[in-house]
Amino acid sequence: MSSLASDLFTRGSALSRLKVGPMWLAAPALAFVAVFLLLPMLRLIGLSFTGGETRGATLEHYQHLADTPVYMRILWITFRISMLTAFFSVLLGYPVAAWLARLPDKSRNKWLFLVLLPFWTSYLVKTFAWMIMLGDRGLFNSILTGSGVTESSLDLMYNEFGVLVGMVHAMMPLAILTMVPVMTGIDQRLPLAAGSLGAKRSQRFWLIEFPLAMPGVAAGGLLTFITSLGFFIVPAYLGGRSQTMLAQIIIMQVQELVNWAFAAVLSVMLVAAALVAIWIYDQFFGLSSLTQASSEGTKGSKKGVRWLRRAGQGVLNGLAWICSPFNHLGDRGDDAPRPLRGVYLGVLFLFLLAPAIIVLPLAFTGEQTLAFPPPSYSTRWFSEYFGSQIWISATLRSFGVAFATAILATLLGGMAALALARSDSKFGKTVFGLMLAPMIVPRIVIAVGLFYLMAQIGLVASNIGLIIGHTLLAIPFTFIAIGAVLKGYDWRLDQAAATLGAGRIKVLRLITLPLLRGGIISAALFAFVTSFDELTIALFISGGLKSTLPKQMWDDMYLQLNPTLAAVSVVVLVIVTLILLVAQRVQKS
């Protein structure tokens, strides 16, 4: 009897020492990611090793992939286009990010809005606009032939050039937004000190500024490369057969051939490529630098191979020597943009805003066909849109799903961000990685895995299925947005309230949430936009009467480019612009 009492006392003491720490706040988000991301991914991996007639695990589908030249060629096309997209996005966006980083905070926020707008604009809207501009009778060919520069139209679309233009335009804002926080944290006194010691402009840039910005450059390249792996909208409309990418083949395998096992193999290939890229980045910079707003991410570089770092230093020395003849073009100590830099920035911002500039007048054309500039103007296509039950139903469904997604994603992402901010648990890095996983895994893979799961539990063609899928994609954005606000939060205010007798719930309700209100509202708005413009999940989960606005646009674009699509695009642009303006105003307040 005494031994039983002793055992019960020991267990009770152990339970009393087990406190509910802040990390438990991340449990709902971790469970959500585990059920709707990790579980479908594991099921896809298992499915890729199943055979039609072979019992047990088999490599026949992987063997089929290796033995079929067309699939290996598509795999190489996907990697090549993704790498080129990442390279040009970082290369062309670097000067813009460097210029934004040197601006005062107030001016930088204003210019960042012009980067955020094309970033959050629907891929369908941007692709639709580029089809108008790059077509045989599009804007660019009309200018070239009309001015006599060329006698006939150039092939600007249905080739790799068209795909790269569309994909670089879509990815460059992401590269800029990734590089700006790192560049902002660079101490500008270091290049000045080097200059006072006799370093030339090329040496200051390649040997001091660029290495300090390298974590941001690498992070921008990583995110744009991984995102590009899952692209299918731009290649489908701006590319030809030679630009078919892996995501398009996955869609065909699932929706047309119903070959789940081979679609799983292709999905595993995409995930493997993404993981390799992430591993390489982690070896040199550390994954935590993806969300750090400073150059501290370089501390992870100690993991890199020493000889590779020495080789990189040699390359930078060579670049500094090659650029030495242009030292006279360097800065003269003033912050005013030089003419060459001003022209470049103007062209880049014009490139980023081109789809919005083109789509707006086309929506008011009075003709049956699209031509720029429109021969006549009318509001008939807006009347057709607002009078169409199909379009309005899809729009209302998108609003409803986006609203529910914003609430759920903000709640889950916010709790996870609060858990990491208040805890120093050894599991913090794991939680951090899982929260960013939906942003790192290609969307097409997430969509296929969710479709396979929801087809078995009966959530295909349902609003609940759409909300779950959209919430999964929006969680990283809410997690990062609220986490960024929590970095500057003064926790002494909560402690002071607690010492005055306020309980945890009361402190959270009356102190923490009101002070974090701006970040929470901004996170919810970004989650809303993520859901409202999302097509990949909707392409698999929605269907029949459950079509969303992006899905309806996708279906119409396959049939014909018409002015109604231009009107719908303007509606989407207006909604996204208003939401971004509200988010910016909330952040200021």
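User: What makes the pair of helix α17 (residues 389-422) and helix α25 (residues 549-559), whose axes come within 7 Å and cross at roughly 140°, oblique?

Analyst: Angles under 35 degrees count as roughly parallel, over 145 as roughly antiparallel, 65 to 115 as roughly perpendicular and the rest as oblique, so the crossing at roughly 140° makes α17 oblique to α25. Axes here are lines fitted to C-alpha atoms, for helices over the stretch in contact, with angles running from 0 to 180 degrees between N-to-C directions; helices are DSSP runs (H or I, at least four residues), numbered from the N terminus. This is a predicted model, in which local features need pLDDT of at least 70 and side-chain atom pairs count only at pLDDT 80 or more, while totals for chains, interfaces and linings use all residues. Residues are numbered from 1 along each chain as its sequence is written, and side-chain values use heavy atoms, with hydrogens and water left out.

User: Which residues of α17 and α25 meet?

Analyst: With contact meaning heavy atoms within 4.5 Å, Ile390, Trp391, Ala394, Thr395 and Ser398 in α17 meet Leu549, Pro550, Gln552, Met553 and Asp556 in α25.

User: Why does Thr405 count as buried?

Analyst: Buried means under 20% relative accessible area (1.4 Å probe, protein chains only), and Thr405 counts as buried because its relative accessibility is 0%. Thr405 lies in helix α17 and, not counting residues up to four places away in sequence, touches Thr410, Ile467, His470, Thr471, Ala474, Ala527 and Ser531.

User: How many of the protein's residues, in percent, count as buried?

Analyst: Of its 589 residues, 51% count as buried, in a protein with 26 helices and zero strands.

Note on methods. Helix = DSSP H or I, 4+ residues; strand = E, 2+ residues; numbered from the N terminus. Buried < 20%, exposed > 50% of the residue type's maximum accessible area, 1.4 Å probe, protein only.
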